[in-house]
Amino acid sequence: MELTLLDYGNDVKSRPFGPLIGKPRKLAWPVDVYRVTLPHSRGAKDVLNPFEQLILQLLTAVGPMQADELADETCIPVDLVHGILLRLQDKQHIDTYHQVIQEAGATGDGQTDRALSTPTVFVTVLLFREAVTEKLLPFLHILDDTNPLRQKEQDGYIRCLPRKKKTVPKPPQARDVISTLRAMQKRRSASGNDLWMPAMKQISIIPGPERYWLDCPIAIQASDGEFRIADPFGDGFSLILERAFEKALEQDDELAKWLSNWKESLRNANRVVQEDPQAPPEPFEQEDNRRRYPNLLASLRLPRSRRFRSLQGIYGAIEWAMFYVCCQHDVESSISQLKLTQLTQQAEMLASSAREIGLTLPRFPFHFIAEGKLRSFSDQKAELATVLAIAIVQARRDHSHPLRRAATVFPDLIEQLLGIKKKRDEYGHGKHQHAATEHELPDDRFMRQLVHILLPSIVFADSPPVTNRDRLADAILDARAGIQSEFGFKTYHWLGAGVQDHLLQAERFWLSCRDHDNAAAFLFDLYAALQSLMRRYLADKLPPDLTDAVLVETARTQAQAIRSGDLPASLRTVKLASIRSTLQGQDPSLGACAMAFLLMVDDDTLDAVSNTQPTFIDDLAYITANRKHGNEALLLPREEIAALRKAAYNTIKTLSEI
């Protein structure tokens, strides 16, 4: 049927969209419109604030005065007086000589009546309440002969949203009108348009609403593959309508299908069949470097799905560069010195060594390096605290050590490294809440400089490789549509922005990966997403009253309700301190979260997990065992990458249902 729409400034020029995938579409948004009577000053823009009124009255009574004289007379700061005088000039109440401008026919004290008082009349305004979630929209339409209701006939296809319910909702109150006026005031404050704020007792609302449809453009952005809805009144985006649309997607299968089909059509539109041309290799991609520094190059290479290095890749590259530098110098004697130094004296020894080579000490003291960490280094494991300690000991003895050159360029090197580690740990353990951006991270430039100083044969290009922006937009759209299709809109919105971001990056890798691609970043994001959801699930659970001696055994017993056999090795070896920390709300790892889950949930939950996903514990252990420290190359066949993806996605679905 033909609809009569309300159109408030949705021409192409007023739309806020940036680069898009495809063309915008139209939504017919149901609204209940209430007629409201309230006082309105026709000359509201001429109303003066109390300071302006005071200055104007003085100039009227005394005559022209200079700013410093007015400041002395009124005790107002002279800078503020200068601003007040300029505003009075802008409003044409005084001239440049501070002489009050008299209106034609004005005499005596009546000459300032125009400025100090304005006629008030009662007008009818329209208050809009969207009818999907029944939220008031921040807009009032002042209705008169020169500003009628803006209606237009339906032009082309438009998607109608269903109303929340058939019954007439409770009418808004006077305080709702005031709140709407204040919201308009905030939106218009930048443009200097003042709004008249009436008293609540002067506001009258007709209870019965009029039902209309608002013309609302919706589009899919190229930057993130997500929809945005333009404000129907021509003022940027409408967050209220976007949140309401998300709720509608969860409750209306037909609407969710319409959006999915639209995204699917965009995924297939203008798709180029051939592969992206192979990007030119970076200068560091030399045969000698591949042989000497394989793990470093694995961290430096960009996945096909990314334009810029992730925080994990940056941090991993620094760790491996430090590792290879240590291996090129007298590593055995440095390890021996750390082993022979008492743990209580290690921090002091490292601090004095760092000062000697020119490094500024961090705000917090060094941590001691346990013998197990040194054994891990000998087993080709690169962890920042270990490689940094070894490099500092080496550089104190060796004046040609590259760390000394790095110290001259970056005296605060240790503090910068610890800052990157903190951000990487927060991201890798699902504690970040921001969406990833398609821009180079500031830490990338620092990493490139540091790695080149430490290993001069590692040379970087002056600019990042050129990437086809259309292909990038397609990849983001494909990934987001894939996640929404996998979980459904209700679960997708339940995940939250941080988990959505991790899954978006993982899905982008999955859609572009091939056999034996490096899946380390993919698994890093799956791990972080799962830990974030496990943290949220355990947040309101009470820890059991158990001693450390029986924690693991109790978890083993609880696991019998889900699976047969003993716990997987990656969970049996979780440190007791980590399990206890997770029970107290500080979860250091996904493995500790899995153990805490077994200890904190009740029997009904275990039964539900057993019925929904019998492999729940095994899938968590599978993800944990493969992730390890997160900086090692993980070259897997696509079938195994698919198995990791399935394990993570099934676990997420289970957590959303139990």
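Buried means under 20% relative accessible area, exposed means over 50%, and partly exposed lies in between (1.4 Å probe, protein chains only). Helices (H or I, at least four residues) and strands (E, at least two) are DSSP runs, numbered from the N terminus.

## Basis of the model

Residues are numbered from 1 along each chain as its sequence is written, and side-chain values use heavy atoms, with hydrogens and water left out. Because the model is predicted, local features need pLDDT of at least 70 and side-chain atom pairs count only at pLDDT 80 or more, while totals for chains, interfaces and linings use all residues.

## Salt bridges

The whole structure contains 33 salt bridges, each defined as a side-chain nitrogen of Lys or Arg within 4 Å of a carboxyl oxygen of Asp or Glu. One of them joins Glu 226 to Lys 263, with an N to O distance of 3.4 Å. This pair connects distant parts of the chain, 37 residues apart: Glu 226 is in the loop between strands E8 (210-220) and E9 (227-229), and Lys 263 is in helix H7 (residues 253-268). Both Glu 226 and Lys 263 are buried.

Glu 242 and Arg 228 also form a salt bridge, at 2.6 Å from N to O. Here helix H6 (residues 239-251), which holds Glu 242, is linked to strand E9, which holds Arg 228; the two residues are 14 residues apart. Glu 242 counts as buried because its relative accessibility is 2%.

A further salt bridge pairs Glu 415 with Arg 363, whose closest N and O atoms are 3.2 Å apart. Glu 415 lies in helix H16 and Arg 363 in the loop between H12 and helix H13 (371-378), 52 residues apart. Glu 415 is partly exposed, at 25% relative accessibility, and Arg 363 is exposed, at 67%.

## Confidence

The predictor's confidence in each residue, pLDDT, runs from 0 to 100. Its mean over the chain is 84, and 89% of the residues reach 70 or more. Among the elements, H15 has the highest mean pLDDT (94) and helix H4 (residues 113-116) the lowest (50).

Over residues 190-194 pLDDT stays under 50, and the model has three contacts for them beyond four places in sequence. Residues 270-277 also have pLDDT below 50, with seven contacts beyond near neighbours in sequence. Contact means heavy atoms within 4.5 Å.
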